[in-house]
Amino acid sequence: RAVAGQVHTPADHNTLEGDLLVTLMNGASADSRPQGEALASRLARLPGEHPDWFSQDPTAMGWYSSDQSERNGALATLLSSHDGAVLDSLTLYDDSSARGLGADTDRQQFEVNGRDLAAVMELTVFNPNIDGADRGAAQDAFLAYARDQAQIIEASGSEANSAGYEEASG
């Protein structure tokens with residue numbers, strides 16, 4: 001247990017109870033308020049921003065987690081719990097300059113969104129190393145979202161200039 005004034009080092013990680021990022025993702029997954037959706041959308045960007053935190057290589061994880069599949073399973077639950085908010089934020093077309101880390105500061109925001117979406121998909125929907133139920137729920141959420149988006153596009157086909165068409169078309 002943590003004691004006031006005591007600093008934990010990586011070697012002390014096992015004295016803490018569980019992976020705190022997993023705890024945070026599970027808490028956001030269970031929160032149906034708008035704040036939970038906002039937090040889920042933000043947490044879903046972490047694999048793209050910090051891929052080493054979600055590495056499939058157990059030696060790359062270091063002290064962060066004894067089992068990377070637990071962290072990736074929590075990410076899958078986060079995706080399936082807040083699929084609309086998470087996928088809306090990761091698929092938004094935005095050609096402004098990216099807020100970002102390191103080399104991403106000179107990229108367009110939609111490029112960063114694509115990177116973050118790809119990272120989430122790799123670690124959840126296409127990850128055979130996490131629990132089948134978690135992966136299945138993430139796959140179902142993504143497919144439902146894709147079907148909804150396809151219906152929106154098909155429904156707007158009869159409109160001369162759909163909302164955002166001219167801006168997105170350049």
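Q: Among contacts between residues at least 6 apart in sequence, what percentage join residues at least 24 apart?
A: In this protein, 59% of those contacts join residues at least 24 apart, where contact means heavy atoms within 4.5 Å. The model is predicted: local features need pLDDT of at least 70 and side-chain atom pairs count only at pLDDT 80 or more, whereas totals for chains, interfaces and linings use all residues. Residues are numbered from 1 along each chain as its sequence is written, and side-chain values use heavy atoms, with hydrogens and water left out.

Q: How many helices and strands are there?
A: The protein has eight helices and zero strands. Helices (H or I, at least four residues) and strands (E, at least two) are DSSP runs, numbered from the N terminus.

Q: And how much of the protein is buried?
A: Buried residues account for 34% of the 170 residues. Buried means under 20% relative accessible area, exposed means over 50%, and partly exposed lies in between (1.4 Å probe, protein chains only).

Q: Turning to α2, which of its residues are buried?
A: Gly36, Ala40, Ser41 and Leu43 are buried in α2. Viewed down the axis of α2, the buried residues fall within an arc of 165 degrees, so they line one face of the helix. The arc is taken over the directions from the helix axis to the C-beta atoms.

Q: What covers the buried residues of α2?
A: The cover includes α1 (20-30), α3 (46-49), α4 (68-81) and α5.

Q: At what angle does α2 cross α5?
A: The axes of α2 (residues 34-43) and α5 (residues 83-90) cross at roughly 45 degrees and come within 8 Å. That makes α2 oblique to α5. Angles under 35 degrees count as roughly parallel, over 145 as roughly antiparallel, 65 to 115 as roughly perpendicular and the rest as oblique. The axes are lines fitted to C-alpha atoms, for helices over the stretch in contact, and angles run from 0 to 180 degrees between N-to-C directions.

Q: Which residues meet there, in α2 and in α5?
A: Glu37, Ala40 and Ser41 in α2 meet Ala85, Val86 and Ser89 in α5. By class, this contact of α2 with α5 has three nonpolar, two polar and one charged residues. Ala, Val, Leu, Ile, Met, Phe, Trp, Tyr, Cys and Pro count as nonpolar, Asp, Glu, Lys and Arg as charged, and the others, Gly among them, as polar.

Q: How do α4 and α5 pack, then, and what is the angle?
A: Their axes are 5 Å apart, at an angle of about 95 degrees. The two helices α4 and α5 are therefore roughly perpendicular to each other. Leu79, Ser80 and Ser81 in α4 meet Asp83, Val86 and Leu87 in α5.

Q: New topic: is Ala44 buried or exposed?
A: Ala44 is buried, with a relative accessible area of 2%. This residue lies in the loop between α2 and α3.

Q: What is Ala44 in contact with, leaving aside neighbours within four places in sequence?
A: With those neighbours left aside, Ala44 is in contact with Leu75, Leu78, Val86, Leu90, Asp116 and Val120. The C-alpha atoms of Ala44 and Ser89 are separated by 9.3 Å, and the two residues are 45 residues apart along the chain.

Q: Where is Asn113?
A: Asn113 is in helix α6 (residues 109-123). Asn113 is buried, with a relative accessible area of 2%. Leaving aside neighbours within four places in sequence, Asn113 is in contact with Arg45, Ser89, Leu90 and Leu92.

Q: Last one: is Asp140 buried or exposed?
A: Asp140 counts as exposed, at 52% relative accessibility. Asp140 lies in helix α7 (residues 132-155).
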